[in-house]
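Please open the model in your viewer and keep the selection panel at hand. The stops below go from one selection to the next, with a short account of what is there.

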Number of protein chains: 2
Amino acid sequence: VKIGIIGLGLIGGSIGLDLRDRGYQVLGVSQRSTTCETAVAIGAVDSASQDLASLREADVIFICTPIGLIRPTVVQLVPHLRSETVLTDVGSVKRSIVAEIAPLWPNFVGGHPMAGTAESGINAALRGLFVGNPYVLTPMAETPPQAVASVRELISQLGGKYLECLPEVHDRSVAWISHLPVMVSASLIAACEREVDPAVAQLAIALASSGFRDTSRVGGGNPELGRMMAEFNRSALLETLQGYRSQLDQMIELIQSEQWSSVETILQKTQVDRPKYLKES
Amino acid sequence: VKIGIIGLGLIGGSIGLDLRDRGYQVLGVSQRSTTCETAVAIGAVDSASQDLASLREADVIFICTPIGLIRPTVVQLVPHLRSETVLTDVGSVKRSIVAEIAPLWPNFVGGHPMAGTAESGINAALRGLFVGNPYVLTPMAETPPQAVASVRELISQLGGKYLECLPEVHDRSVAWISHLPVMVSASLIAACEREVDPAVAQLAIALASSGFRDTSRVGGGNPELGRMMAEFNRSALLETLQGYRSQLDQMIELIQSEQWSSVETILQKTQVDRPKYLKES
């Protein structure tokens with residue numbers, strides 16, 4: 001089995017490092033020649049090219065570009081493919097991508113490895129990045145089972161924890177635990193910045209500590225990525241934002257009407273519920 | 001200078017450890033005899049008692065009880081004090097406490113050390129807990145300057161970073177960076193728990209990772225403490241909640257109307273603004 005990887009960044013590079021270690025031949029494609037050279041030098045690929053035609057012999061191709069480039073990449077790639085070649089992507093939203101790509105290439109399985117670091121780019125590529133982390137595939141009824149099986153086998157080689165669901169279920173789930181937190185957290189920073197009394201604003205900055213640091217972390221992250229989440233997962237994100245807003249309104253109402261034991265009951269429940277969402281690692 | 005400490009938990013115990021190291025005599029009071037014994041055994045106090053009358057000789061007394069017990073404690077304490085004794089507290093809200101205590105004891109200065117750990121109780125007491133952390137005093141126009149100077153000297157002995165402001169400015173600042181984040185974060189957990197589709201809810205739990213963990217941390221904390229923040233800092237917290245809600249509404253509106261570059265502009269600003277709130281430590 002020959003592997004193709006398009007987009008040699010943190011995710012693409014890390015997939016290459018691990019699959020080469022398992023004995024697969026890995027062909028890489030990047031738009032930039034320096035990235036191709038680095039990918040070969042660090043051992044993430046056996047060879048790399050700027051030309052999509054170089055992937056003609058690949059059996060499974062991972063598309064690891066930013067979300068917005070997945071469709072244009074596949075459009076350019078399709079003329080070079082053999083019909084049995086399996087395509088998969090690593091984008092963090094699935095419904096819109098699957099809807100766009102499946103008509104272009106039936107042998108496509110949407111995928112999303114839940115892995116990452118604060119770093120990006122080929123120099124951030126790591127061995128073992130996927131070990132023990134969830135790796136979701138989102139096949140549809142029409143997706144050929146053999147395509148799913150091929151990608152699933154590679155996920156197992158990467159050490160990922162395999163999960164399977166419909167594209168919509170994936171998008172609604174990541175809206176709750178990944179995209180909504182970005183908007184909630186960013187709104188906290190932006191709201192603090194609205195304080196008009198300079199004495200209060202200045203003291204707030206002086207007094208902020210670990211609670212503010214943690215709650216604001218994802219809201220202070222990559223703006224392009226945050227925008228992409230909103231743009232490509234718009235409907236699911238809006239649903240979670242509306243649910244969040246109702247919950248917040250309930251809290252405001254309880255504080256306004258001084259229903260302290262109800263406030264405490266909510267906080268008791270969140271204290272009990274939170275550990276479910278935390279992994280051991 | 002003899003020091004009194006009422007309430008021998010993490011904060012009271014840590015103040016005692018450091019001031020004894022600096023050569024002060026420290027008298028402790030706790031409601032529980034086992035806490036008194038532990039405080040003596042770990043060296044947090046020279047002696048400890050369940051009787052407030054034991055503090056008659058103290059020159060400066062730190063009230064380190066939970067917020068709700070500060071007023072009843074002072075009411076019981078006052079008959080035992082000499083008029084020159086200085087009282088200070090360590091509560092995380094100041095306006096309501098200062099308004100309640102100043103009429104009972106003019107020689108009172110409200111205080112709030114920004115220090116803590118995930119642990120609580122006398123066994124969690126630490127040397128150096130306050131070093132480099134902000135320690136706010138909130139004197140009013142009527143507060144005797146000598147009382148402020150006495151407490152300020154002890155803060156300096158503890159290694160705290162001294163800050164001074166009006167009680168109201170303190171409460172509005174901590175509402176932004178400490179109390180609002182608790183409500184924002186708790187509402188995130190509570191909103192996720194509202195998901196009615198079991199497939200989505202279950203996958204959300206499986207996929208939650210560091211972003212959700214950090215954003216939800218303070219919302220999954222001590223429920224009594226969260227309730228106290230809301231109860232004792234109600235008006236300032238409500239103001240920040242309204243400001244937060246407007247900001248969230250703006251974000252929802254921009255996503256709804258697909259104004260992606262405005263979404264990105266907000267996220268660019270939060271990325272730039274966040275580091276101001278982070279300390280080097």
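A crossing of two helices is called left-handed if the near helix is turned anticlockwise from the far one by less than a right angle, and right-handed if it is turned clockwise. Please keep in mind throughout that this is a predicted model.

**Within chain A**

Select helix 6 (residues 167–192) of chain A together with helix 9 (residues 223–232) of chain A, which pack at an angle of about 120° with their axes 10 Å apart. Angles of 65 to 115 degrees count as roughly perpendicular and those over 145 as roughly antiparallel, and helix 6 of chain A and helix 9 of chain A are therefore oblique to each other. The crossing in which helix 6 of chain A passes helix 9 of chain A is left-handed. Now show side chains: from helix 6 of chain A come Ser178(A), His179(A), Val182(A) and Met183(A), and they meet Gly226(A), Met229(A) and Ala230(A) of helix 9 of chain A. By class, the residues of this contact are four nonpolar and three polar, with no charged residue.

**From chain A to chain B**

A rotation of 180° with 0.0 Å of shift along its axis superposes chain A on chain B, with an RMSD of 0.1 Å, which means that the relation is that of a two-fold axis. To place this axis in the view, pick Thr215(A), whose C-alpha is the nearest to the axis in chain A, at 2.2 Å from it. Because 100% of the interface residues of chain A are also interface residues in chain B, the copies meet through the same surface.

For a contact between the chains, select helix 7 (residues 198–207) of chain A and helix 6 (residues 167–192) of chain B, which pack at about 55° with their axes 8 Å apart. Helix 7 of chain A is therefore oblique to helix 6 of chain B, and their crossing is right-handed. Among the residues that meet here are Leu203(A) and Leu207(A) in helix 7 of chain A, and Arg172(B) and Trp176(B) in helix 6 of chain B. This contact has nine nonpolar, two polar and one charged residues.

**The sheet in chain B**

Finally, select the open sheet of three strands in chain B, which has the order 7-8-9 and mixed pairing. Its edge strands are strand 7 (111–113) and strand 9 (161–164) of chain B. Strand 7 of chain B runs antiparallel to strand 8 (residues 134–137) of chain B and is joined to it by three bridges, with Gly111(B) opposite Leu137(B).

Conventions. Residues are numbered from 1 along each chain as its sequence is written. Chains are lettered from A and ligands numbered from 1 in the order in which they are written. This is a predicted model: local features need pLDDT of at least 70, side-chain atom pairs count only at pLDDT 80 or more; totals for chains, interfaces and linings use all residues. Side-chain values use heavy atoms; hydrogens and water are left out. Axes are lines fitted to C-alpha atoms, for helices over the stretch in contact, and angles run from 0 to 180 degrees between N-to-C directions. Helices (H or I, at least four residues) and strands (E, at least two) are DSSP runs, numbered from the N terminus. Angles under 35 degrees count as roughly parallel, over 145 as roughly antiparallel, 65 to 115 as roughly perpendicular and the rest as oblique. Contact means heavy atoms within 4.5 Å. Ala, Val, Leu, Ile, Met, Phe, Trp, Tyr, Cys and Pro count as nonpolar, Asp, Glu, Lys and Arg as charged, and the others, Gly among them, as polar. Two strands pair if DSSP finds at least two bridges between them. Copies are superposed by least squares on the C-alpha atoms of residues with pLDDT of at least 70 in both.
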